[in-house]
Amino acid sequence: MDRNEYTQFFELLGYVFQEWISPGDSTQESRVVQESRSDCPSVPKMDRLLALHFDKLGVVCHRFWNATFEETKSNISEDVSHQKISQPFPFQEFRGVHGRGLALKKPRSKPNYMINILNRTQILTGNNRFDFIGKPGDSGDLTTDSKLYVMPSATITSELFNNFNSKEARVAKDLAMFVSKLNPEEIRAIGTHDHRNKMIEDLIFEFEKILVVIPKMDGDHLSKDLLHFCDELVRKSGTTKHSYEAAYQKAMIEVRDPDLKSGIVAIQATAEEIWGAPEIRTVHADAIKLLELVIAGVSPQNKLANILVVNHGLNTHAISDNRRHSKDVICGMLREECERLKDECEKLIYNFERKRNGTPN
């Protein structure tokens with residue numbers, strides 16, 4: 001890419017992020033957007049995003065920009081540069097702790113995730129577009145830090161668009177208008193998901209993580225990691241459907257640029273296409289039972305467990321019934337169910353692919 005290979009992407013991300021914080025010039029519009037986000041208690045201040053949500057915002061910008069590039073690359077006019085996205089952004093999506101995130105990967109090396117690249121680039125250049133608030137974890141990997149926030153460090157003016165052709169500037173403004181209507185959970189949902197089979201693959205990944213952790217359990221109570229993994233299972237298998245559907249509908253309403261809109265339609269399935277199949281609803285119901293089983297194996301005073309009970313509307317009677325089992329019995333039940341559901345999900349991908357290709361059962 002021209003200039004630094006990340007520069008235009010981080011400029012766009014900074015502009016969209018700033019517009020999310022201060023959407024438009026209308027006080028009334030800003031108030032409406034703020035109220036629409038009030039159902040998300042995980043981000044108490046609206047001048048920042050958790051690193052998790054910021055990472056998903058980056059996925060949205062990257063995915064939608066590159067989709068528009070695909071829509072416009074064959075455009076022909078007297079001034080081609082003003083009718084198309086000049087080049088795609090350089091990242092790829094790799095599966096991480098909280099689903100897929102942006103990264104660059106060299107052969108035989110681990111993915112280098114976007115937020116770590118951003119932090120390193122700012123340290124090396126001294127050009128800080130974003131501030132990180134909170135103490136990073138011991139690993140130095142910002143993508144895994146659940147208490148780290150990100151906020152723009154400076155106001156980005158219209159001079160930003162000196163580095164964009166007219167088509168790119170229109171797409172950037174349209175993208176920012178759309179994102180300004182989203183709450184953090186909607187950003188997370190549409191930045192995590194795009195197609196049914198990829199969602200199922202993410203579920204399989206969570207099952208695999210659970211099966212790795214179970215043999216390492218010691219002490220009287222189950223690991224907090226199991227709570228996080230099962231929470232992700234419940235979210236991805238169905239709970240996040242509402243947030244995804246809301247974000248998708250806002251994209252269809254707010255996006256005006258025809259190439260951006262057609263690019264979104266080309267790459268993003270509808271919520272019904274992802275979660276509507278009866279088989280997926282069954283997996284979601286089973287994932288809820290897994291989470292209830294894990295919560296039965298942790299201390300009744302565990303704060304995260306109590307939050308998850310409320311957030312997912314879990315069956316407290318089922319949790320109480322499961323508490324009669326020892327930790328070893330719960331681990332055995334958990335392992336058996338995870339292995340069964342992992343196999344079921346692998347069969348679902350196979351069967352959905354056969355159906356999509358018109359192959360008879």
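Trainee: Two strands count as paired if DSSP finds at least two bridges between them. With that settled, which residue in β6 is the bridge partner of Leu49?

Mentor: Val150 is the partner of Leu49 in β6. Residues are numbered from 1 along each chain as its sequence is written, and side-chain values use heavy atoms, with hydrogens and water left out.

Trainee: How many bridges join β1 to β6?

Mentor: Two, and β1 runs antiparallel to β6, which covers residues 149–152. Both belong to an open sheet of three antiparallel strands in the order β1-β6-β5. The edge strands there are β1 (49–50) and β5 (130–133), each pairing on one side only.

Trainee: Which strands does α1 lie across?

Mentor: Helix α1, residues 7–21, lies across β1, β5 and β6, at about 95 degrees to β6. Helix α4 (residues 114–125) lies across β5 and β6, at about 110 degrees to β5. Axes are lines fitted to C-alpha atoms, for helices over the stretch in contact (heavy atoms within 4.5 Å). Angles run from 0 to 180 degrees between N-to-C directions.

Trainee: What is the strand order in the sheet with β3?

Mentor: The order is β2-β3-β4, in an open sheet with antiparallel pairing. Each of the edge strands, β2 (92–96) and β4 (112–113), has a single partner strand, so one side of each has no neighbour in the sheet. β3 (residues 99–104) is joined to β4 by two bridges, and Leu104 has Asn112 as its bridge partner in β4.

Trainee: Switching to helices. At what angle do α8 and α12 pack?

Mentor: About 160 degrees, with the axes of α8 (residues 224–239) and α12 (residues 278–296) 8 Å apart. That makes the two roughly antiparallel, a label for angles over 145 degrees; under 35 is roughly parallel, 65 to 115 roughly perpendicular, and the rest oblique. By class, their contact has 13 nonpolar, four polar and one charged residues. Here Ala, Val, Leu, Ile, Met, Phe, Trp, Tyr, Cys and Pro count as nonpolar, Asp, Glu, Lys and Arg as charged, and the others, Gly among them, as polar.

Trainee: And how do α8 and α13 cross?

Mentor: At roughly 20 degrees, with the axes of α8 and α13 (residues 303–311) coming within 10 Å. That makes α8 roughly parallel to α13. Lys224, Leu227, His228 and Asp231 of α8 make the contact with Leu304, Ala305 and Leu308 of α13.

Trainee: How close do the axes of α7 and α15 come?

Mentor: Within 9 Å, where α7 (residues 196–213) and α15 (residues 327–356) cross at roughly 160 degrees. These two are therefore roughly antiparallel. Their contact divides into 13 nonpolar, one polar and eight charged residues.

Trainee: Over which residues is the pLDDT below 50?

Mentor: Residues 25–44, a stretch with 30 contacts in the model beyond near neighbours in sequence. The pLDDT is the predictor's confidence in each residue, from 0 to 100. Where it is low, the predicted coordinates should not be read in detail. The chain averages a pLDDT of 85, and 83% of the residues score at least 70.

Methods
Predicted model: local features only at pLDDT ≥ 70, side-chain atom pairs only at ≥ 80, totals over all residues. Helix = DSSP H or I, 4+ residues; strand = E, 2+ residues; numbered from the N terminus.
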